[in-house]
Structures are given as C-alpha cells and as structure tokens.
Amino acid sequence: MSFQVFGLPVSRGVAIGRAVLVSSSRVDVDHYFVAEAQVGDEIARLRQSRDDVAAELSALQRDLPADAPPELSALLDVHLMLLHDEALISATKQWINERHYNAEWALSAQLEVLARQFDEMEDDYLRERKADVEQVVERMLRAMARGTSSGWAESDVPIRATAAGAEPLVLVANDIAPADMLHFKRSVFTGFVTDVGGKTSHTAIVARSLDIPAVVGAREGSRVIRQDDLLVIDGDAGLVIVNPSDIVLEEYRFRQRQSELEREKLTRLRHTPAVTMDGERIELLANIELPADAKAAVAAGAAGVGLFRTEFLFMNRAGELPTEDEQFDAYRAVVVAMNGSPVTIRTVDIGADKPLDRLSAGELRHEHGLNPALGLRAVRWSLSEPAMFRQQLRAILRASAFGKVKLLIPMLTHVSEAVQVLEAVERAKQQLMDAGKPFSSVDIGAMVEVPAAALILPSFLRLFDFVSIGTNDLIQYTLALDRGDESVAHLYDPWHPAILKLVEGVISQARAAGKSVSVCGEMAGDPAFTEVLIAMGLRSFSMHPSQIASIKQNVLRTDSRRLASLVRATFKGEDIWGGCERLRHALTLLSGASP
Ligand code: PEP
Ligand code: MG
C-alpha cells in the first residue's frame with residue numbers, strides 16, 4: 001500500500017531505497033556489506049557470539065548463590081532458550097546469506113523484525129518478552145565487539161546486489177544521537193528518516209554535512225514504515241513516500257537525475273571567485289565536524305574553515321576525553337589539509353543536543369527532567385573544567401605552528417566569561433612557552449548565539465578580534481524554542497524580524513568597529529538568505545562544503561547595493577515587522593528567491 005509520511009526537510013535532494021529499520025539504541029552498530037567469500041566467516045562470527053553468550057549465561061547460572069531468587073535462574077533459562085531459538089539465529093543467517101549484511105547488522109535487523117512481532121502480541125506476558133530478546137541480542141553484540149570484526153575498510157565497501165536487485169538503502173529510526181550520525185560518514189545508507197528532531201538539531205546538521213537526503217520529525221515514521229518498504233525521500237519537501245506507484249517513482253527518478261545534473265553543473269564553479277555583480281568579494285568558508293571533512297572543504301573550493309565543531313572529537317568515548325596530543329593531531333591535520341587557508345577552531349560545545357555519551361537530548365530531558373539547552377553547555381562547561389579547557393587551548397595553539405588558526409568561543413553570554421576565557425588562553429600560552437612548544441599568533445573570536453551577547457555586542461567587540469554569528473542557537477534562544485523539538489518546529493522561523501534585527505545589528509556594529517564578522521549557522525548555507533545578508537553588509541559565510549557551490553551561484557547573481565537602502569530603512573525605522581515584510585517581498589521580486 002502506498003502512503004506518505006510528512007516531516008521536516010533537513011537535507012536536500014531525492015533518495016530512493018529500501019527501508020532498513022533500526023532502533024535508536026542500535027544505530028551505533030556498524031552497517032556494511034561483506035563480500036561473497038566472507039559470508040561463511042560472518043556466519044561463523046555470529047555462531048561464535050552465540051556460543052560465547054551461552055557459555056557466559058551457563059556460567060552465571062552455575063555460580064548463582066544458593067539464596068538467589070528462583071526467578072533469576074528462570075530468567076537465565078529463558079535467555080538461553082532464546083539464544084538457541086531458530087527464529088533468531090536462522091533468520092539472522094538469512095540476512096547474511098541473502099543480503100550480505102555484516103553479522104552485527106544482520107542481528108539487529110532480525111531484532112527489529114522480532115520486536116515488531118512482540119509489540120503486536122495481545123498477551124502482556126508475551127509482549128514483555130521483547131526485553132529479553134533485546135538483552136540477549138545486546139550480549140551477542142557485545143561478544144562480537146570483543147571478538148574480531150570482519151575487517152571492513154572504508155575503501156572497499158562492496159555494494160552488493162540484494163534479492164530485490166542492487167538497491168540503495170534508507171535508514172529509518174526513531175531518533176539518532178549526533179554522535180551516532182558520525183557512523184553515517186562510513187555507512188551504506190543513501191538517506192534517512194527519523195521520528196524526532198528539528199531542522200537545526202545537530203542530527204540534522206550532521207545529515208546536511210553528509211549531503212544525503214533526509215527527513216526528520218516524521219513522528220510516526222518508524223512505526224508505520226516496514227522493513228524493506230520502498231521509500232522515496234523528498235528532502236526538499238520533507239516528505240517520505242512509502243511504496244510509491246510506478247508513475248510517482250518514475251517522476252522522482254527523473255528529479256533525481258535532474259538534481260545530479262544540477263550539482264555537476266555547480267561543481268564547475270569551484271574555481272570561480274565569489275564576487276558579487278558590483279565587485280564585492282565574499283568569503284565562503286566551510287563548517288566541518290571531523291578532520292576528514294577538510295577534504296570535502298578543499299574539494300568544494302572553500303576559502304578556509306569557518307567553523308570546526310571540535311565536540312565531535314569528544315563524543316562516543318565512554319566518558320574518556322581526547323588527550324592534548326590526540327587533539328593536536330586532529331587540529332594539525334585540518335590546518336595542514338587546508339594548506340595555508342585559515343582554520344577557525346571552536347572550543348568544545350558539549351551539552352544540549354550534543355551530549356558526550358550516546359543519549360539524545362530527548363533522552364536527557366526524559367531522564368533528568370532538565371532543559372539541557374539552558375544548562376552547562378559550551379563555554380560554560382569548558383570554564384567549569386579548567387584543566388580540560390586549557391588542554392584544548394594548548395592543542396589548538398600548537399596547531400597554529402602549522403598554518404593560520406583562529407580560535408572561536410561558543411555561547412558567550414557574560415563579559416566575565418570572556419575575561420576568564422582570555423585569561424585561560426594566556427595561561428595556556430605560558431604553559432606552552434615553559435614547555436618549549438611552538439605556536440603562532442591566533443585571532444580570538446566570540447560566537448554571537450545568545451541574544452544577550454548580541455544586545456551588548458560592543459562590550460564583546462572590545463575584547464575579541466572577530467565575531468561569528470551562530471544563527472541556529474540565536475533563533476533557538478531568541479524565539480524560546482528548542483531547536484531539536486519537532487513539535488515547535490513550525491515556530492522556528494529565521495525570517496522572524498527579531499532575528500533579522502539581531503543579525504543586522506551584529507553585522508553593522510562589528511563592521512563599524514573594524515572587526516570581521518561572519519555567519520556560521522545554517523542561515524549562511526540557505527540560498528534564500530544570501531542576498532539579504534550581503535545587503536546587511538556580511539562578507540563572510542560559513543556552511544557545509546556541499547552548500548558552497550549553490551551559495552556561490554547566488555553571490556555571483558547578487559548586487560550588494562540593490563537592497564541596501566531598504567535594509568537600512570527597515571532596521572532604522574519603527575515598524576520593523578512591516579519593514580521585514582517589504583524586504584521579503586522585494587527579495588522575491590528582485591532575485592527570484594523563495595523565502
Ligand atoms: C549555531 O548555533 O548557529 C552554530 C553554528 O553552532 P551549533 O550549530 O554547533 O550550535
Ligand atoms: Mg550554536
């Protein structure tokens with residue numbers, strides 16, 4: 001049966017593929033295909049994990065103290081029985097045999113099938129056995145992680161023909177923590193759908209950086225979509241079409257080809273300088289999450305890195321933080337890869353929807369009843385862990401010996417925080433000098449992403465060399481809505497006059513003070529804003545490498561003077577709401593943009 005699921009568009013383009021349902025806790029399992037010759041070994045790994053867990057459970061049972069409750073022994077019996085149940089093992093083998101999934105993926109795919117069957121059971125007792133199957137599978141996955149993997153390497157993922165033909169796959173999950181999104185960087189999925197999440201949630205941001213079509217906030221998506229359903233993801237409309245008719249499928253295949261052609265055309269702009277029609281040079285920088293992303297930044301023709309979100313180096317490490325040397329290696333790798341272009345390294349922005357461990361922001365809220373976006377996040381966390389902070393500062397400063405490094409501080413709200421940061425930088429420099437470790441001079445910038453910072457900007461401008469506007473958080477904090485909460489996604493409005501007024505105010509004040517200013521939030525990569533930001537005086541944009549070409553195309557078509565007087569009149573005038581309406585109207589009329 002064909003039906004549609006609506007969500008939020010977060011990453012453009014069309015993806016067509018078979019649904020692979022993965023529960024949130026399973027997303028961090030590696031998903032890759034094994035070669036035909038490896039199928040036997042993979043099944044052996046599966047059997048080995050079953051035998052290991054059986055031995056583990058039998059030992060547990062043998063060692064149960066005499067006074068242990070009898071239920072415990074009965075539970076172990078149930079787990080042993082499940083472990084040897086054909087529904088689990090033979091069906092998992094089938095995923096490996098027929099689909100060539102690696103053992104972990106096959107096992108979690110089979111768990112999804114069984115979990116659904118349990119969910120549909122009438123009998124409460126039987127329904128609750130789902131938790132037992134999950135625990136058994138969890139143990140087997142842990143056993144596999146302890147054993148050897150099948151030696152998959154990024155370079156040789158063999159995309160295999162499945163029973164249904166050589167079809168791409170689309171991942172469908174309730175939620176994906178940003179840390180787990182990193183797995184997509186080396187995964188086989190050509191698109192994904194999640195039930196929760198907002199347009200600028202970090203999960204969505206990482207999806208955009210991967211440049212694969214995605215829909216978040218699809219609410220019931222993972223409940224109504226079935227394993228192996230054929231999906232069309234319309235990443236521009238935020239729409240998932242499940243089991244489309246032939247005619248719809250054909251239309252989307254056509255659109256897919258068109259957008260591939262369009263992209264190809266855009267790559268030709270790679271070496272074209274980003275200059276407006278009236279000769280204003282615009283700096284187009286890249287946002288990156290991991291050192292490996294620098295390659296994409298260079299390939300896209302970025303003039304440098306405008307935002308390196310270093311927190312991704314801190315995630316998924318079971319609470320262990322990266323050492324100074326590990327960080328230094330990562331930062332230096334980016335600086336070297338950028339080959340003389342500036343690299344803006346932001347100190348860690350852990351917290352809110354980017355927790356250190358695998359919990360998503362939703363789970364954090366659920367477990368602790370707190371609003372992590374308003375808690376110990378970003379520079380607040382850094383200042384509360386001075387040794388960790390200085391360690392990161394030293395690693396960043398050391399990387400400056402290899403190229404042009406800029407240091408960026410997230411979420412500043414109080415001037416006292418800025419003063420503490422600058423003191424910490426001085427201490428870190430002194431420590432490096434004492435240790436004889438070289439570093440160069442580094443510009444220090446403040447992110448303006450809390451309305452308080454935008455409102456007292458001159459006080460920050462006195463202390464910093466540059467500012468970078470984080471529109472994602474600026475919108476979240478100004479409009480009082482959680483950027484990761486799909487239930488208020490309709491209110492997340494970058495066109496809100498309060499946002500435009502704050503952005504315009506920061507740009508004009510920074511320029512008047514002779515300090516450089518850029519926008520590194522998602523607004524910078526949204527073609528609908530290019531002209532208005534240029535008219536406000538912005539000359540530096542930082543975005544995902546995949547967005548650079550289309551923003552450059554817009555820059556080439558823009559005359560920076562065209563809207564300048566309307567912008568001035570709007571933000572100097574009394575009726576900002578009306579002024580912004582006129583501005584949007586003029587944008588649509590003049591540039592054909594679709595705000
Ligand atoms: C922002 O808030 O706009 C920003 C660039 O930072 P992040 O998205 O990492 O919070
Ligand atoms: Mg931010």
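This report walks through a sheet, a helix lying across it and the surroundings of a ligand.

## Before you start

What you see is a predicted model, where local features need pLDDT of at least 70, side-chain atom pairs count only at pLDDT 80 or more, and totals for chains, interfaces and linings use all residues. Residues are numbered from 1 along each chain as its sequence is written, chains are lettered from A and ligands numbered from 1 in the order in which they are written, and side-chain values use heavy atoms, with hydrogens and water left out.

## The sheet

Let's begin with the strands (DSSP runs of E, at least two residues, numbered from the N terminus, as are helices, which are runs of H or I with at least four residues). Eight of the strands make an open, mixed sheet, in the order 1-8-7-3-4-5-6-2; two strands pair if DSSP finds at least two bridges between them. Strand 1 (3-6) and strand 2 (8-11) sit at the edges with a single partner strand each, so one side of each has no neighbour in the sheet. From one strand to the next, the twist averages 30 degrees.

Zoom in on strand 7 (residues 230-234) and strand 8 (residues 239-242): they run antiparallel and are joined by four bridges. Here Leu 231 stands opposite Val 242 of strand 8.

## A helix across the strands

Helix 8 (residues 202-210) lies across strand 2, strand 5 (189-194) and strand 6 (214-216). The helix runs at about 45 degrees to strand 2 (axes are lines fitted to C-alpha atoms, for helices over the stretch in contact, meaning heavy atoms within 4.5 Å, and angles run from 0 to 180 degrees between N-to-C directions).

## Around ligand 1

Now for some N or O pairs within 3.5 Å. A polar side-chain atom of Arg 346 is 2.8 Å from an oxygen atom of ligand 1, and one of Asp 473 is 2.9 Å from an oxygen atom of the ligand.

Methods:
Polar contact = N/O pair within 3.5 Å; in protein donor to acceptor, adjacent residues only side chain to side chain.
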